[in-house]
Amino acid sequence: MAGRVSGLAVRRYLTFFSGLFECLCFAGVVYGWASLVFVLKKDNYFGSLCVNTTGVNGTHKLDCSGQDEKFSLVFTIASFMNNFMTLPNGFLFDYFGTTVARIFGISIYTTGSLMMAFSSSVPDLLFPALSLLATGGILFLVTNMQVGNLFGVHRSTIITLYNGAFDSSSAVFFVIKMIHEIGISVRTSFLFLSACSVIHLVRTFLLLPRKLIPYPLPDNYTYGITCGKSSTQTSKVALNAEKPAMTEELSVKQVPIIETPVEKTFRQCILSWFFLWHLVWLSVMQFRHIMFIGTLNPMLNRLTEGEPSLVSSYLNAFAITQLCGVLCAPWNGFIIDRLKRRYQNRGLNEQEADLQATVLSLFITALQCILFSICATIPFLPLQYFTFVLQVLNRSFLYGGNAAFISVAFPPRHFGKLFGVVMALSAVVLALQYPCFSLVRDVLDGDPLYLNIGLAVFCLFAFIHPACVFRHCRRTAAAAAAASSQIMSIHS
């Protein structure tokens with residue numbers, strides 16, 4: 001029996017670390033777009049859109065604003081698809097389980113990487129290729145976040161850690177940029193990513209369940225390729241077990257039946273104020289980050305006066321900071337898990353303790369976004385190093401906090417659908433990225449200063465959500481205290 005328990009522990013840790021590797025190396029590569037654009041420009045993608053123009057002093061220069069616009073459109077569509085397709089993917093995950101969702105994700109991810117590999121001869125392949133990479137990558141993240149259910153009290157920490165790894169995977173395009181400089185082509189790099197689909201398939205069948213990982217986790221829960229055998233063994237043990245053990249097993253099975261009537265329906269969840277303000281919280285800050293990534297290359301070109309080596313240096317610094325996302329994100333989950341234990345010790349039930357623990361996380365994330373936006377607004381080149389640090393810190397807190405809040409504020413059986421809905425609806429806001437880029441280019445003469453100021457003000461709306469959750473927690477605590485005092489007065 002001890003050996004079996006030890007084997008389950010080894011399997012769970014192997015699942016955790018392999019999932020972390022998968023998210024770190026594959027899930028969010030599209031957000032390293034700024035590094036990849038530098039390589040694609042060197043390979044003359046959409047080079048025909050660069051035209052010779054005459055400056056005010058009669059000098060000739062190469063105007064590549066049309067090329068920048070094309071690249072911006074590729075990223076806008078990909079970032080939109082990354083969020084919008086999370087909706088059908090979430091329903092697919094909840095209804096058909098892990099195996100079906102992952103096979104679908106692996107298929108489209110592999111197709112996208114193959115398209116990227118052969119896009120040098122047909123540059124317009126970038127449009128479907130990057131969108132497929134984004135859609136497949138988010139499915140890797142969604143199917144891996146349930147691994148947090150295997151680790152009980154550390155659940156929020158693991159969910160945020162996986163989201164941090166998702167952010168850090170943007171450094172993969174930085175690696176492609178670096179090895180491109182030593183002579184390895186874009187085609188070779190993406191063919192290698194395609195071949196790595198074997199790793200995803202192995203994890204799908206050996207280290208993940210066919211359906212979903214439940215929460216709370218039942219005793220001796222097993223999954224993976226030996227799941228059927230383990231279930232048979234468990235049945236035999238159950239037949240020979242003593243009566244108290246059988247009673248305990250029955251009570252565990254009856255828990256969902258008792259709790260089901262009081263759980264919110266999916267419709268009630270998406271129509272709640274919690275969901276609405278959480279959507280605003282995510283959309284506002286996500287749009288700020290997408291605008292920053294999408295305009296980073298033109299912004300650096302402007303601040304460096306078009307010096308390629310200096311632009312490359314700053315892009316490298318930005319990509320390196322993205323690697324730190326996996327180190328920053330767990331702190332958000334650690335804050336939530338630590339505060340949850342503290343509130344439970346004060347007598348709150350698990351759900352209310354979970355909610356109250358998220359208030360500080362939501363507030364800190366909004367505050368980080370304001371600081372990051374202010375730094376991005378100041379047109380001082382050396383300051384952008386600090387902007388990069390704030391950006392990766394805030395982004396890792398944002399996506400980890402988003403998943404953690406949905407997992408604690410709503411019933412677990414709706415997680416995939418709610419995660420998909422909130423990401424899909426926030427994608428509508430992301431569609432404004434391209435008009436904003438055109439505004440900067442055509443109306444503001446390439447200077448994003450006023451747009452950045454407007455975005456910094458726009459981010460103030462993110463503070464409404466933590467205030468709403470805090471108010472709910474205060475009301476609930478007051479109601480519980482009043483009920484407790486009433487009961488005491490009756491007894492006395």
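Predicted model: local features only at pLDDT ≥ 70, side-chain atom pairs only at ≥ 80, totals over all residues.
Because Glu22 belongs to helix α1 (residues 2-27) and Arg203 to helix α10 (residues 197-206), the pair ties together parts of the chain that are 181 residues apart in sequence. Glu22 counts as buried, with a relative accessibility of 1%, and Arg203 likewise counts as buried, at 3%.

The structure holds six salt bridges, including one between Asp68 and Lys41, whose closest N and O atoms lie 2.7 Å apart. This pair links distant parts of the chain, with Asp68 in helix α3 (residues 65-84) and Lys41 in helix α2 (residues 33-42), 27 residues apart. Asp68 counts as buried at 18% relative accessibility, under the 20% cut-off, whereas Lys41 is partly exposed, with a relative accessible area of 24%.

A further salt bridge is formed by the side chains of Asp94 and Lys417, at an N to O distance of 3.2 Å. Since Asp94 is located in helix α4 (residues 86-96) and Lys417 in helix α19 (residues 415-430), the pair ties together parts that are 323 residues apart in sequence. Both Asp94 and Lys417 are buried.

On the surface, Arg338, Arg341, Arg342 and Arg346 gather in a patch of positive charge. Of these residues, Arg346 is found in the loop between α16 (325-345) and α17 (350-377), and Arg346 is exposed, its relative accessible area being 60%.

Definitions and conventions: Residues numbered from 1 in each chain as written. Heavy atoms only, no water. Patch = residues over 30% accessible without salt bridge, like charges linked within 9 Å, V, L, I, M, F, W, Y side chains within 5 Å. Areas by Shrake-Rupley, 256 points an atom, 1.4 Å probe, with all protein chains shown as cover. Salt bridge = Lys/Arg side-chain N within 4 Å of Asp/Glu carboxyl O. Lys, Arg positive; Asp, Glu negative; His and termini not counted. Charge placed at Lys NZ, Arg CZ, Asp CG, Glu CD. Helix = DSSP H or I, 4+ residues; strand = E, 2+ residues; numbered from the N terminus. Buried < 20%, exposed > 50% of the residue type's maximum accessible area, 1.4 Å probe, protein only.
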